[in-house]
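Keep the viewer open while you read.

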Amino acid sequence: MSGKWWVLVVIVLLGTMIALATPPASAAEYTNVAGLQPWSAESDYMSLPGYLRWMTFKEQGIWLSVPEAKRIVAEQIANM
Amino acid sequence: MALGAGGEAHRRGADRQHVAVAFRQRRSRGAKPSGAARLRLFLGCLLLAVACQPREALAGIRPVLGANIDLAALSGAQRAAALDRLAAAGVTSVRMELDWNRVEPKPGEFVWGAFDAAVSDARARKIAVVLVLGPCASWAVNPSWQVPADQKPRSVPKSVELWRRYVKASVLHFRDRVHCWQVREQPNARNLRGTRSDYLSLLDSATRLIRSLDPKAIMIAPEAGFLDVGGIDRFAASPSGRAADVIGVYLPADPSRMTLPWAVLSQEVLGSPEASPRKPVWVLGAQEGASADACAIGYLLAWVFGADRCYLPADAVNAEWTRPLRDLAYEGYTSPAPGAWMLFFAGPSGPAAIAWSATATAIAPPAPALPTVEGAAAAGEDAAVALPASSPAPSVAIGPRFTVIPAAEWQTLMRPGAPTRSDVLAARGTADLANLPMVYLDCSMAEHPEFGLYNRALRSLGGGACLEEERQGRSCLRTCMTYRQEEMAQDSPWLYFDVDDSWLYFDRGNTKLVVTIECEGSYLGAEKLGLNLVYDSTTGYRFTRWQWVGPGYDWRSYRVVLDDVNFSNRDGWDFRINAKGSVQDLWVSAVTIEKVVEAEPLPAPEAAAPVPAG
């Protein structure tokens, strides 16, 4: 019985590892600004959400609101 | 990834000349189940195997022709007329959004009337319905997100529970009539104002809920781009992608940009051995601006590459082009001229061929094989009489609208199956750069200034309207930056680049690159001009480190090493030079990309070294 449990545990662990190692889905992709330094030249002296807003406007013609941009950047930073 | 600098402009210029010359020279060449349970299991497996059969194995089967149309927004008479027209054109399925705003105008109050009528009218004509869950109900958007009112349908609900209530009510209402469900139109910045986890939460929760309510349901996961091979590759490998029954793709507006991604997607991404059995692919629509002719060609290519269904804008579907395709079975292809394609079909009245090209082209069939002298002599005829005078075969005019032509004269050119990546690249009729060590853009070179690295065609992209200017005797690309609020739309701080597909296209980060940028120094002084790259990587678009350009009027050279590129023409480009953050414009005279051979150690990053001007 304990042998079966070990097999189950190994399978679950392997499955978890595979799931974690899988590249993220491409859904709702915005250019990743998480690695940029805010308030510096590389973010055009803006905050990262501000820089993402500007970039999305240039690329898509859409202005994200500040709270929307903050949510997206927070997730990008969390996934770094 | 590393960012370095080094002044080797002269050596690089000589290398580029050498590559161009060499290239021109080369061009000239458990417990045991019961019996009944086992039978059920066997039949289930059989059904699954048939359902999941790769389309290549079912060669010749025409994809289901579908149309995208908002039937619920039409009056009864308009809807009847539209459905009759589509049915006459051979449409057997329609796809439409089950607009959350119209279905649940107030929280908890569901109104099905218009959608019920739409589904009933379609089914009365034997037209199946695919429903797209979304757009978002405006009342469900979190007010603290400050989403503009007209953009709220593109946002995401503040709570998954609200979403689940809408999904559950919809599936319970339609599950006897609708079995195909898609979650949101396209999860990209234009259609979904939310985070990646927002979308995956909607997709995963809807998938679980729908499967529990309707085990027969088919879940469609749409791609974010337009035949974006890199994005689909990542998504198909993710848990959410694996959970979906169907991968949905969208066609780019330009048919010449469809063939290569289709070949790679169907044969290298979804058709790879590790992806067996292959997940079905449906075409869900076309990019805004796609013409009816482009959509018709998109349908043919969906057929060639094994898509099971193809939904096109309703306006683009008409019997004029769909009728000749009825009762045909696809057999093979050829490329009769650069940029031109010809498909071969078996039909009830014999073989047929369909051809098109990006521009108006005249194609001539191959000369018929002449009987041999020996053959004529064996037949007891005078050889001089048996050999007819060869007359040139009449040419056929083809263009962006596909043309049905007699197949007999072309049949010898047919290659069975679908074209591969190398077939598609060869059919372009342009140079094959695959084995060259570098590609470059050098504005100063009179011949081939864009040698496998292209910018001119990309200047209409957002922020990429650069200029070509002379600067200290060199031809350059110049950014056009502005910081005036009222001129923000004209601000162009980016130089976009597309790497030739024969040199590098979708290799999942297996090729390490060195990008060398030659530019003028900063005339305003230190830390006034800088740059970095934004490039398509194995994890999506990302930045390289910021690099200040040294002060002075010298020409400088900066080197960036990229070890995770996955260039696949996403949004039409592969990387861009970004100068935003500088207080002056950037003048770039040349950009070179080299493939790093692993046996050679990478050069150590050096300090920026000026090179002589001129």
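**Overall make-up**

Keep in mind that this is a predicted model. Chain B has 15 helices and 30 strands. Of the 614 residues in chain B, 45% are buried.

Take α3 of chain B, which runs over residues 76-88. It has 13 residues and spans 18 Å from first C-alpha to last, close to the 18 Å expected at 1.5 Å a residue.

Which residues of α3(B) are buried? They are B:Arg79, B:Ala82, B:Leu83 and B:Leu86. These residues sit on the same side of α3(B) because they cover an arc of only 95 degrees around the axis. They pack against β2 (64-68) and α5 (113-124) of chain B. The face of α3(B) turned away from that buried side carries the exposed residues B:Ala77, B:Ala81 and B:Asp84. Just after α3(B) comes B:Gly90, with a positive phi of about 95 degrees.

**Two helices that pack**

Two packed helices are described by the angle between their axes and the distance between the axes. For α6 (residues 160-174) and α7 (residues 196-213) of chain B, the angle is about 35 degrees and the axes are 10 Å apart. The crossing of α6(B) past α7(B) is right-handed.

If you want to colour the contact, on the α6(B) side pick B:Val160, B:Trp163, B:Arg164, B:Val167, B:Lys168, B:Val171 and B:Leu172. On the α7(B) side, they meet B:Ser201, B:Leu202, B:Ser205, B:Ala206, B:Leu209, B:Ile210 and B:Leu213. By class, this contact of α6(B) with α7(B) has 10 nonpolar, 2 polar and 2 charged residues.

**Where chain B touches chain A**

Now for the partner chain. The contact takes 41 residues from chain B and 31 residues from chain A. On the chain B side, at least two residues each come from α7, α8 (229-237), α9 (239-243), β24 (530-537) and β25 (540-543). Which of these elements gives the most? That's α7(B), with 5 residues.

Most residues other than glycine have a negative phi, and most peptide bonds are trans. Here are some spots in loops that go the other way.

| Spot | Backbone feature | Loop in chain B |
|---|---|---|
| B:Gly134 to B:Pro135 | cis peptide bond, omega about -5 degrees | B:Pro135 lies between β4 (128-133) and α6 |
| B:Phe506 | positive phi, about 45 degrees | between β22 (494-499) and β23 (513-520) |
| B:Asn569 | positive phi, about 60 degrees | between β27 (555-562) and β28 (575-578) |

Notes
Residues numbered from 1 in each chain as written. Chains lettered and ligands numbered in written order. Predicted model: local features only at pLDDT ≥ 70, side-chain atom pairs only at ≥ 80, totals over all residues. Axes fitted to C-alpha atoms, helices over the stretch in contact; angles between N-to-C directions. Helix = DSSP H or I, 4+ residues; strand = E, 2+ residues; numbered from the N terminus. Left-handed = near helix turned anticlockwise from the far one by under 90°. Contact = placed C-beta atoms within 7 Å. Nonpolar A, V, L, I, M, F, W, Y, C, P; charged D, E, K, R; others polar. Buried ≥ 20, exposed ≤ 12 C-beta atoms within 10 Å, placed from the backbone. Expected span 1.5 Å × (residues − 1). Arc of directions from axis to C-beta.
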